[in-house]
Amino acid sequence: MKDQAIPLLGGLTAEAFLAEYWQKKPLLIRQAVQHLDPIIDFSVLKQLAVRDDVESRLVEYRADRWHLEKGPFRPSRFQRLPETDWTLLVQSVNHHLPHIADLLWRFDFIPYARLDDLMISYAPPGGTVGPHFDSYDVFLLQVGGKKRWQISAQSEAELGLVDDAPLKILKSFVADQTWELEEGDMLYLPPKYAHYGVALEPGMTYSIGFRAPSAQELANQFLVHLQDHLCLEGHYADPDLSWQANPAEISPAMVGQIAQMLAKIEWDHHTIGDFLGRYLTEPKAHVFYDPPEDPLDEDAFLACWQTGNALVLDLKTQLLSYQNSFYVNGEKLEVPNKDIVWWTDFAAKRRANYADLSIETVNLLYDAYLCGYWQFQN
Ligand code: SIN
Ligand code: CO
């Protein structure tokens, strides 16, 4: 609810946060999150960082130079780490650990279409990824340990980048605010706000990141979508062709006629909504769904649901709607009108108890269950 105090925002309402801070200015929230159980520690992060379906990075500052290694890592790599000055970062931990996903979905005062993932970093004292900025909004939540965060409102032009570094490090960072974050404290930063975090005690930062595709990326993907969905009739024809003195010339008449043909490529808000439904729910390249090992047949599926088991979205599933259309993991679902209210609730809550639904919806639910897009939870 827009006018309800949100503990995660230190008691601000969603409306107040959006009006005063979102994409505008930083906000430090002391004790934003309490009782973070079970805490993800270095041993859990290491187990994720050796997997090839998980994106991970190791950043070290050693011998006056920045070093960046990308996962998956061999387990032995972690035995060779010094006591200080490195950070292990693991992307999309919400895809793998349900309680981390639950924490991410608590940020539902921002639409799901804007939420990206929850990354976790672990660092011993001195661990840092350097002063930098991100092109998207981020909430930085301290879990365990202590980290000093410095931020600066300096512009991109003033800051400059360190030459020859394997990651973007700001050369002339000068802090205008400094805080020490302890377990449960959280810092919100708008896009392009320079920040520099250095671990003081071994601990973790949970980064809740948001999606902000570039105009170029959106245009590229929209053109691919148009290409896949476009169907233009007819062929070029020139029954009135007149003789050309220069046969090598592409004539203005030809250009004019082709301009008319291409002007038939049209789109409206419906086309853009349909594109976004597919694009925003499309899984990233390394994301795969696990079909059930011992799948129920359709009758047993229905019986399981009717006997009190909730249907819950898989941690990696994205289900979004645009007007009365629904999109799951890059595909459009043909949802019967009668069930739209139910689907709307399913997408918002990411879980649903049994309801009396049309056979078309039950078939859609069953097919997606076979793909591993959702499963039962008792
Ligand atoms: C960190 O976890 O230390 C870095 C996160 C960030 O600055 O985006
Ligand atoms: Co950052």
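Student: Which residues are around ligand 1?
Tutor: In this predicted model, the residues around ligand 1 are Thr87, Ser121, Val129, Asp134, Val138, His195, Gly197, Thr205 and Ser207.

Student: Which elements give two or more residues to that shell?
Tutor: Strand E10 (194-201) and strand E11 (203-210) do.

Student: And how do the shell residues divide into nonpolar, polar and charged?
Tutor: The shell around ligand 1 has 2 nonpolar, 6 polar and 1 charged.

Student: Val138 is on that list. Which strand is it part of, and is that strand buried or exposed?
Tutor: Val138 belongs to strand E6, residues 138-143. In E6, 6 of the 6 residues are buried, so the strand is largely enclosed by the rest of the structure.

Student: What covers which face of E6?
Tutor: Both faces are covered. Val138, Leu140 and Gln142 are buried on one side. Phe139, Leu141 and Val143 are buried on the other.

Student: How many bridges join E6 to E11?
Tutor: There are 6 bridges between E6 and E11, and the two run antiparallel. One pair is Val138 with Gly209 in E11.

Student: What about E6 and strand E9?
Tutor: E9 covers residues 186-189 and is joined to E6 by 4 bridges, again antiparallel. Phe139 stands opposite Tyr188 there.

Student: Let's zoom out. How many helices and strands are there in the protein chain?
Tutor: The chain has 10 helices and 17 strands. Its C-alpha atoms fill a box of roughly 80 × 70 × 50 Å along the principal axes. Of the 378 residues, 27% are buried.

Student: What domains does the domain assignment give?
Tutor: It gives domain 1 (7-210) and domain 2 (214-378). Their C-alpha centres lie 33 Å apart.

Student: How many residues of each domain are in contact with the other?
Tutor: On the domain 1 side, 10 residues are in contact with 8 residues of domain 2. The domain 1 side divides into 5 nonpolar, 3 polar and 2 charged.

Student: Which residues have the most contacts inside the largest nonpolar core?
Tutor: That core has 47 residues, and the ones with the most contacts inside it are Leu45, Val90, Val93, Leu118, Ile120 and Met186.

Student: Pick Val90. What is it in contact with, leaving aside neighbours within four places in sequence?
Tutor: Val90 is in contact with Leu45, Leu48, Ala49, Val54, Ser56, Met119 and Ile120.

Student: Which residues does the second, separate core include?
Tutor: That second core has 15 residues, including Leu311, Trp343, Leu365 and Trp374.

Student: Now the open sheet of 3 strands. What is its order?
Tutor: The order is E16-E12-E17, with antiparallel pairing. Strand E16 (351-352) and strand E17 (374-377) are the edge strands, and each pairs on one side only.

Student: How many bridges join E12 to E16?
Tutor: E12, residues 310-313, has 2 bridges to E16. Val312 stands opposite Arg351 in that strand.

Student: On to loops. Where is the cis peptide bond between Gly71 and Pro72?
Tutor: Pro72 is in the loop between E3 and E4. Omega for the Gly71 and Pro72 bond is about 5 degrees.

Student: Phe73 is in the loop between E3 and E4 too. Is Phe73 buried, exposed or partly exposed?
Tutor: Phe73 is partly exposed, because it has 17 other C-beta atoms within 10 Å.

Student: What does Phe73 touch, not counting residues up to four places away in sequence?
Tutor: Phe73 touches Ala49, Val50, Ser56, Leu58 and Phe78.

Student: What phi does Ala63 have?
Tutor: Ala63 has a positive phi of about 50 degrees although it is not a glycine. Most residues other than glycine have a negative phi. Ala63 lies in the loop between strand E2 (56-62) and E3. With 6 other C-beta atoms within 10 Å, Ala63 is exposed.

Student: And what about the phi of Gln323?
Tutor: Gln323 also has a positive phi of about 50 degrees, and is not a glycine. Its loop is between strand E13 (319-322) and strand E14 (325-328). Gln323 counts as exposed, with 11 C-beta neighbours inside 10 Å.

Definitions and conventions. Residues numbered from 1 in each chain as written. Chains lettered and ligands numbered in written order. Predicted model: local features only at pLDDT ≥ 70, side-chain atom pairs only at ≥ 80, totals over all residues. Pairing = 2+ DSSP bridges. Near = placed C-beta within 6 Å. Nonpolar A, V, L, I, M, F, W, Y, C, P; charged D, E, K, R; others polar. Domains from an automatic or database assignment. Contact = placed C-beta atoms within 7 Å. Buried ≥ 20, exposed ≤ 12 C-beta atoms within 10 Å, placed from the backbone. Core = buried A, V, L, I, M, F, W, Y, C linked by C-beta atoms within 7 Å.
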